[in-house]
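This briefing covers aromatic ring contacts and charges placed over rings. The sequence and structure come next.

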Amino acid sequence: ATGFRSPNYADVLRFGVTNTKVFVPAPEVTPEYSLSYELGLRRYSERWSGSISTFYTSLKDVIVEEATGDYLDIDADGQNDTGEAVYTKNNVGSAYMYGIETKYDVRFNEHVTLFGNVAWVLGKDTENEDPLGFVPPANGLLGMRYQKHPVDSFWMEFFVKAASAQTRE
């Protein structure tokens, strides 16, 4: 699959001061592009169903936040203090992401089903050799569903969601 992400308002026109940075507009930012590959297996039977899939996505012209090297002397002390560095958005190099996901349902009888999923994704900015930002940590869900009639649109379920620690920035 191919895709793109157009720059949004914050990417192009953001201007202002936060606690840690000063942002200036970036009118020259262009869209990011992606190329994805996915491979998976699925199985369905009366008693259980499941799937497992893996993917790899390459990204180019990635939009990133970068320091310009300038600063805005907010407190007029002639020094580049914390929170005065100027940042903008730029298209920089490339990145990739890859991961795996599994899903399953096990029907114990016509009323009770065990279900769940697990997902794990990693990404890397190949320009700076840094972990790709905003990639969720490994996570999953395990649950049990009770449905009085197999075709009934009402059911009751209990589930637990979990995620590992976010150790990559």
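In this predicted model, Tyr56 has a relative accessible area of 36%, which makes Tyr56 partly exposed. Tyr56 belongs to one aromatic cluster with Tyr96, Tyr98 and Trp120. The structure holds 5 aromatic pairs.

**Stacked pair**

- Tyr56 and Tyr96 are stacked, because their ring planes stand at 20° and planes under 30 degrees apart count as stacked.
- The ring centres of Tyr56 and Tyr96 are 5.9 Å apart.
- The pair joins distant parts of the chain, with Tyr56 in strand β5 (residues 48-71) and Tyr96 in strand β6 (residues 85-107), 40 residues apart.
- Tyr96 is partly exposed, at 22% relative accessibility.

**Edge-to-face pair**

- Tyr98 and Trp120 form an edge-to-face aromatic pair, with 70° between the planes and 5.8 Å from centre to centre.
- Distant parts of the chain are linked here as well: Tyr98 lies in strand β6 and Trp120 in strand β7 (residues 112-125), 22 residues apart.
- Tyr98 counts as partly exposed, with a relative accessibility of 32%.
- Trp120 is also partly exposed, and its relative accessible area is 37%.

**Charges over rings**

- Arg14 sits over the face of Phe23, 3.7 Å from the ring centre.
- Lys21 sits over the face of Tyr87, 4.7 Å from the ring centre.

Note on methods
Residues are numbered from 1 along each chain as its sequence is written. This is a predicted model: local features need pLDDT of at least 70, side-chain atom pairs count only at pLDDT 80 or more; totals for chains, interfaces and linings use all residues. Side-chain values use heavy atoms; hydrogens and water are left out. Rings of Phe, Tyr and Trp (its six-membered ring) pair if their centres lie within 6.5 Å; planes under 30 degrees apart count as stacked, over 60 as edge-to-face and the rest as tilted. Helices (H or I, at least four residues) and strands (E, at least two) are DSSP runs, numbered from the N terminus. Buried means under 20% relative accessible area, exposed over 50%, partly exposed in between (1.4 Å probe, protein chains only). A charge sits over a ring if NZ of Lys or CZ of Arg is within 6 Å of the ring centre and within 35 degrees of the ring normal.
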